[in-house]
Structures are given as structure tokens and as C-alpha cells.
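Open the model in your viewer with the sequence panel beside it. The stops below give what to select and what to look for there.

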Amino acid sequence: MLDKTKPGWWRQAVLYQIYPKSFQDSNGDGIGDLEGIIRRLDYLEKLGVDGIWLSPVYASPQVDNGYDVADYCAIDPMFGDMEQMRTLIREARRRGISIIMDMVLNHTSDQHRWFREACKSRDNPYHDYYVWRDGIPGQPPNDMRATFGGAAWDWVPGVKQYYFHQFAPQQPDLNWENPEVRRSLYDMLLWWVEQGVEGFRLDVMDQIAKEPDRYITANGPRLHEYLREMSASVFQKSCLVTVGEAWGADPERARLYSAPDGSELSMVFQFEQMELDQQPGGEKWDLMDLPFVEMKRSFARWQTELHGRGWNSLFLDNHDLPRIVSRWGDDGKYRVQSAKMLATMLHGMQGTPYIYQGEELGMTNIRLPIEDYRDLETLNLYRTRIAAGVPEREVMASVYAKSRDNARTPMQWNDGPAAGFTTGTPWMPVNPNYREINAAAALADENSVFHYYRRLIALRKKLPVLVEGDFVLLAEDDPQIFAYLRRTGEEELLVVCSFGEEQTRYALPEGWENAEVLLSNYPEAVGSLFRPWEARMLYRKRTC
């Protein structure tokens, strides 16, 4: 069990994301809840994770599945109450698992008390908690567009002003230039620390310093000033783990975010690799094949440029991304092999790995009729492109590949009704493949994806080279092999992953032929021959 009173404990940790609505329902209403999570803590303890990143469970109208917060210090009744939240924190900690709260600090719900007050008059003390501009009806301050579609400005007749929102109209942006806003948010974060929370994931963190008059949404001029102030006011007061969502991050910025002195954050989620399989200059819905060599170089750049100067987060799945085994792997014949291979590729790198619920089972994307999708972004995309004359077949191909709802189908616990997620009707459909892909079957099979993840997690606790070693990319131009070395003064690790269903050959570097095979997704290694989606992790002590 990690000593979490020790600064930097999260460097050796493996974290697990729970999307509460889809994890486990305890009362038959078809919606996952806190009691359901409590009942599954033993499962997570068996997996070996050190912390749970808990997607929002705050009071919310649920316009954007809880990322529109109406009260930061209250639990939405659909999930439970504060007493259950405290029980979850306590029971998780007893198992060595920290709770990491998902904090939405860029915006609130339009039902938040602050915004309701802000709309009453320009003189209300809460008016300046949000971003307002003068104008006249029908003529917004500028032509900025919201991420979910439509204008980024909405008119409020009572104050004769427009408010700014980067996402849905029901998610007004907070005005971080107002020091009272910042103090209120810091006090709220400290309150959660008092409840026993041991970290925070910060939603769209790089957008808090927006300057809409200059068309700046991400990486505003005062961003690092705000982060340093928040860190000094909250994060540095205890050994918290903090990770910021930063779609616009590059390695240079990430070195500031995750500087070893802890002046800002522990790490950030950056999405450079996750945006490679979309057409240049297009949106995520504009599909293209993964440029494999470019992907390898991207991972290598982040590994080498942050080594000793920052810290990487390692992830392939989350609640905003499609299932990686369907995206970069093979979710058919080679689902198990490719799921294990992708895990090996990622967990062999330096950084803190994140596992998204069901990833450890090899859960896959789903295909639904458009009326069964729940994600606001997906539905807006469908309406917009159909209205623009894009053929429905083409629109649905994008939805099937990239919809966020691919990751939000209920967790597949067993082969019973509703996959053991609920005794009622699930809030969104369960993937029909739950009879073959489920936790009960995985736990019973020592060769399952689940037990492979267990072994990867155990290795991170055992081998310093996984935490501390540098990174050297091998076979940079090979069109199928992703191979790299990790090295410290005492240890070396070689990771070799073959992408695709074709066999290929890769000669191991000199001296590695007789190295210990720590992990492989095939029963036996066969020299230089690599079978479909094969992965090997080899280890040796360094000699001078």
C-alpha cells in the first residue's frame, strides 16, 4: 500500500476512473450511484488500483451529465447523499484507495445559486462571478461559437447583457479575473479536502483564463498565474494528486503545469495522440486512419521532453473518448490480444496510468439508433451535419467511431439481465456483447484482460525502472512495431508491441535474446516472430 503522506506518491500509483452513472446501480432506478461504487470496492482492490477519479456526482440538472454543477458541496440525489459520499471515502481509504474528485471550475450550471443571483441585476455582488458583455438582442458581442454548437453568447433580458459559455448555454463561464470567484472556489476545494478527498481532476483546466474579446479560450495569459495561486492556496497544503484536462497542452506548457516543485499541478491530461486519427484541420468526427509512425513519435516526444522536468499522465480511454480496443485495436477476433497489447504499450511508459472503467475487461464501442444516444455533443453533431446535407450513413459512421457514449454504456459485471448493472432499466442501453465480456467471466479466467492489468499494476509497484527510467524509442520508422527501452542505472526494460493482424518480424536488440520475459499476451515468445497484436515486456539488470 502506498504511503500517501509522502509527496509524489502518485508517481508510483495507478488510478481508475469511474463514470458513476454507468458503474453500478444499487436501487434499481437504472442509474449508477455511490452505494453501487461502495459495493464494488473489493473488485477495485483486487485489481490493485491506488485511487478513483470520480466523475461529477454534485447536484446538477444533468444537461451535460453532471459537468453542469448546481452545488459543489451537495451530492445529486440520483447518486445518494453526503453521508454515502463520506462512507465511500472512508471505505476506499481502508483499502488503500484514494478518492479524486472531478472539479468543474471553468463554469457552473445556470441553476447554480451564483448565476441565479447574477441574472437579477448588474449591481448584484454575484453578477461579476460570470463573463458578461453589453450588446443588443440578436447582435452578440462577437461571432465566437460554443464547443457543443451554436453561439457562445446568450442574452439575458433582465440585465440587458450577454453571458459567455464555451459549452452548453446552461453552462455559463466563471469570471476568473474576479478574485472573489477564485477565493470561493479555493474554499470549496479545501472543504472537500476536509472530507477526506486526496486529489482533484480539473475539467477543461486550460480554459479558465479565457479572454473572449480576443477570441482566446485556452491558454490565456493569466492561466499559470491562476494555477500557481490555486496550488499555493489548496494543493500544496497536503500531499494531493492533481491532474488538469488540457486539450491545448504541448510539452513546453506541460513542463510548467507539472514542474517537479509542485508549483502548479501533478500532471495534465494532454490529447496530442488522441487527436491523430482525425483529418488535419477537421473535427474529431472527420475520421482517418491512425498515422502509426507519427503516433510513436508523439509518445516518444512527451516521454523524453518531460523526463526529469515534469510528469506524464498515461491514458487511452476516458468518459470523453471511444473505447480504445475498438479505436486502435481489434474488437473482434483479436480483442483480448489487442486489449492486452495496448495496455502493455501504455503501462510500460513513464507517468501515472489511468484505467477507465471497463478498459480492464476489454469493453468495446456500441452501435445504437440515434434516438438511443444521450450525449449532448453527439446529438448536436447529428443535427448539425444532417441539416448541412451530410449523408446519414456518413454521420452515423462518425458517431459509431467517436461518440462519447461509446464509453458511457453501463459497466458489464456479469451475463445476467442488464449485465448485472441494475435490476431496473438502464439509463442507456447495455452493450449486447456483455454475455461474453463481463467482470465475472474475467475474474474466473487467469488469462483474461483483467488479470493482465493486475500483473501490469503489480510490476509498477515492484520495478523502479517503470517509475524512474528514461525512454528510448526503437524502430522509429517500422510501420507495425512500437518498441522502446526504459533505463535506470541498474535496470532496463524492453517493450515490444505489434500493431495489426499480420505477423511480422522484429529482431530484438543485441543482448536481449535471453532476457527475462516479464509479461506477454501469448503463451510463449517465438524469437523474432511477432504474431497479431503481440506484446512482450522484457527485463534485465544493467551491466557496465
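Helices (H or I, at least four residues) and strands (E, at least two) are DSSP runs, numbered from the N terminus. This is a predicted model, in which local features need pLDDT of at least 70, side-chain atom pairs count only at pLDDT 80 or more, and totals for chains, interfaces and linings use all residues. Residues are numbered from 1 along each chain as its sequence is written, and side-chain values use heavy atoms, with hydrogens and water left out.

**Stop 1: a loop residue.** Select V204, in the loop that runs between β9 (199–202) and α6. V204 is not a glycine, yet its phi is positive, about 30 degrees. Is V204 buried or exposed? With a relative accessible area of 5%, V204 is buried (buried means under 20% relative accessible area, exposed over 50%, partly exposed in between, with a 1.4 Å probe and protein chains only).

**Stop 2: α5 and α6.** Next select residues 179–194, helix α5, and residues 223–233, helix α6; they pack at an angle of about 40 degrees with their axes 10 Å apart. Axes are lines fitted to C-alpha atoms, for helices over the stretch in contact, and angles run from 0 to 180 degrees between N-to-C directions. The two helices, α5 and α6, are therefore oblique to each other; angles under 35 degrees count as roughly parallel, over 145 as roughly antiparallel, 65 to 115 as roughly perpendicular and the rest as oblique. Show the side chains of R182, Y186, L189 and L190 on α5, and of Y226, E229, M230 and S233 on α6, which make the contact (heavy atoms within 4.5 Å).

**Stop 3: α10.** Move to residues 335–347, helix α10. Its 13 residues should span 18 Å at 1.5 Å a residue, and the end C-alpha atoms are 18 Å apart, which agrees; the expected span is 1.5 Å times one less than the number of residues. Eleven of the 13 residues of α10 are buried, among them R335, K340 and H347.

**Stop 4: α10 and α14.** On α10 the contact uses V336, A339, K340, A343, T344 and H347, and on α14 V449, Y452, Y453, L456 and R460.

Stop 5: Finish at A475, between β14 (470–474) and β15 (481–487). Phi of A475 is near 45 degrees, a positive value in a residue other than glycine. A475 counts as partly exposed, at 27% relative accessibility.
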